[in-house]
Amino acid sequence: MRPTLNVAQRNQNYHFDPGHTPGLKEAIQTKLAKSCNFSRGCLTSAITARVPVLSWLPAYNFREHFIGDLIAGVTIAIMHIPQGMGFALLSNIPPVNGIYMGFFPVLIYALLGTSRHCSMGSFAVTCLMTGKVVRDLATPASALVDGAIASNATMAATTYTPVQVATIVSFMVGVWELIMGLLQLGSLSVFLSEMLVSGFTTGAAFHVMTSQVKYLFGLKIKGHSGPFKIIYTYRDIIHQILNSNLAAVIGSAITIFILCINNEVIKPRLQKKTSIPIPIELIVVILGTVASYFGNLNENYDLLIVGDIPTGLPQPEIPPFELIPKVVVDAFVITIVAYTVSYSMAKIFAKKHNYEVDAAQELYSQSASNVFGAFFGCGPIAASLARSLIQEAVGGVTQMTTVISCALLLLVLLFVGPAFETLPNCVLSSVIVVALKGMFMQVNDLRRVWAISRSDALIWLASFLAVVLIDIDFGLLIGVVVSLFVLLYRGQKPSTAILGSVPNTDIYLDINKYSAAAEVPSVSIFHFNGPLHFANSEYFRTQLFSMTGLDPIAIISKKKALEKQQAKSDLIIDPSKENGVRGSTEKIPEEFEEKPNDVNDKHAVLAVPEVKWLVLDMSRISYLDSTGGKVIAQLGKEYNDAGIVLVLASVSESVLDSLEKCGTLKTISAEQIFHTIHDAVTVLTVLDNENNCTKL
């Protein structure tokens with residue numbers, strides 16, 4: 001059995017060594033020395049860390065992994081075609097540019113990315129956010145004649161095509177990701193909680209669906225921007241619903257019916273036999289294209305179709321850099337959303353398959369992908385949940401899956417593209433709406449978390465309602481603000497308790513929750529379950545006084561009042577009871593008697609306390625700032641004046657170091673800081689039994 005220990009004894013007996021803490025100058029010199037140490041092995045590691053393909057490709061196990069990667073690559077390429085074309089509509093750019101987004105930037109990610117299972121490319125939420133910027137800054141299609149700007153006096157100002165706006169957004173997203181990588185902000189996504197992302201993406205799904213309703217019904221309605229735009233949009237839809245294009249309604253209904261039958265009936269049964277899914281999206285796209293071509297639906301029924309799709313690869317074009325000031329803020333918001341979703345998914349897959357993803361390298365790889373894609377008509381990319389889950393399910397093992405997918409998309413762009421020119425837009429919109437089911441089902445997260453944490457549910461609701469009612473970018477901001485308020489609230493008011501000892505053990509529990517725990521005579525033990533800092537220091541003091549009933553100012557005031565009364569009435573007080581009046585040989589004057597029924601005076605009973613030692617259990621105080629240190633030092637002085645000794649127990653090394661730097665240990669000595677609560681109680685109990693001494 002070990003001896004009782006205070007901090008001074010622990011340091012001496014066990015040879016405490018705080019280690020060397022370098023100053024600023026020394027830290028900079030050490031960092032520079034490490035950075036400039038270019039050994040051959042170090043240089044090779046640095047290069048492979050920034051170009052991961054140099055590490056995984058030479059070690060690629062062709063026999064073991066290629067079949068799985070081939071099947072996954074073909075499957076993902078097939079999914080890229082309808083999803084890319086559909087999500088391009090969300091960005092207000094031509095459908096073929098959605099296929100570009102599945103090729104150019106994704107090929108760069110295959111070379112530089114560290115996730116083996118994330119399917120990068122078009123993503124509904126980021127495409128929708130890009131579409132908002134395109135709608136605000138691009139020249140309306142009616143102002144363009146055969147690809148050139150109509151020459152009239154009212155159009156002297158510079159105008160931009162939707163693709164140009166989308167590319168500069170992609171470029172700026174890449175720049176932001178590069179800046180975040182250089183600043184080592186790869187873990188920034190931890191500030192976006194799971195509930196915030198869930199509520200945000202669910203709200204964004206409503207925007208995505210709303211943007212596609214006009215294609216589903218073949219309506220021509222103007223776009224709205226700003227708060228409540230969803231409400232205004234549905235108002236216009238209701239007003240024009242009788243003007244719906246019958247061919248679009250029938251085409252949408254048939255497509256949605258086929259997709260739902262596959263997803264809800266055929267797919268679950270097929271999964272029991274094979275992991276390879278039916279490429280139902282591609283099938284309905286082909287059927288829609290064939291039906292539109294032979295039925296001449298565009299001319300006979302005025303059905304909106306995809307239109308011209310150029311053959312081959314696009315010529316690289318420089319984005320309009322003069323638009324950077326106008327897109328910089330929107331690009332930052334898109335960056336946060338794209339990176340958070342992509343990195344979160346990458347971590348999930350990495351944990352499941354036992355490999356590592358580098359947060360900084362993910363930023364660099366996505367940055368390079370978006371910047372490269374910006375020169376080929378691409379919008380910002382992100383990981384798609386649906387494609388990524390299928391890529392993993394069908395057997396994708398390495399980044400070779402992405403390379404194979406890009407190779408197949410290249411063949412589509414070179415030879416097959418024009419075949420989809422007669423594809424009706426309503427078919428693409430149907431594919432998008434059905435694909436949103438997973439995002440809509442995140443509403444179940446609210447029901448699940450409501451029973452666990454109302455504050456987390458508040459974050460979900462605030463993010464969701466702000467996105468739906470106000471706008472996507474404002475919704476994200478409001479969600480972050482609400483999350484920070486919840487975090488501050490939790491840190492500002494941690495739970496507190498008065499601890500008691502379980503007889504014949506070293507266990508100390510909350511006396512209000514455990515009937516077996518009893519308070520230790522002459523000792524009060526206060527437990528604070530959280531960090532102590534400037535925001536909750538006053539709450540700490542209030543709870544300490546309220547829970548223990550030991551307000552040093554009230555105790556001192558009552559003592560002075562008693563001394564004056566004693567002087568007048570010549571009371572004789574037993575000197576051995578200096579801290580209290582339980583040993584008094586005379587009756588206390590009536591005005592100072594205990595009044596249990598007086599609920600207005602919380603300190604009436606404890607004005608002359610029996611407690612000699614107050615123990616602060618600091619086992620759960622993981623952080624303490626200068627304000628917290630000053631509060632503890634001030635409490636030590638105040639309790640000392642009131643005849644009570646303040647004792648600290650279970651103080652972590654980091655908090656102890658903070659107390660020393662704050663100067664608190666000048667007021668509270670190392671002998672008053674114990675290794676555990678039990679050490680403190682054992683020593684204090686012995687002192688209480690020896691001549692009623694309170695000196696440690």
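Buried means under 20% relative accessible area, exposed means over 50%, and partly exposed falls in between (1.4 Å probe, protein chains only). The model is predicted, so local features need pLDDT of at least 70, side-chain atom pairs count only at pLDDT 80 or more, and totals for chains, interfaces and linings use all residues. Residues are numbered from 1 along each chain as its sequence is written, and side-chain values use heavy atoms, leaving out hydrogens and water.

View A. R448 is partly exposed, at 41% relative accessible area. Its side chain meets that of E194 in a salt bridge (3.8 Å, N to O); the term stands for a side-chain nitrogen of Lys or Arg within 4 Å of a carboxyl oxygen of Asp or Glu. This pair ties helix α21 (residues 443–450) to helix α10 (residues 194–217), with R448 and E194 sitting 254 residues apart. Helices here are DSSP runs of H or I, at least four residues, and strands are runs of E, at least two, numbered from the N terminus. R448 also makes a salt bridge with D445 (3.7 Å, N to O), three residues away in α21, about one turn of the helix. E194 is exposed at 57%, while D445 is buried at 18%.

View B. All six residues of β7 (residues 523–528) are buried. Look for I498 opposite F526, and for V615 as the partner of I525.

How values were computed
Two strands pair if DSSP finds at least two bridges between them.
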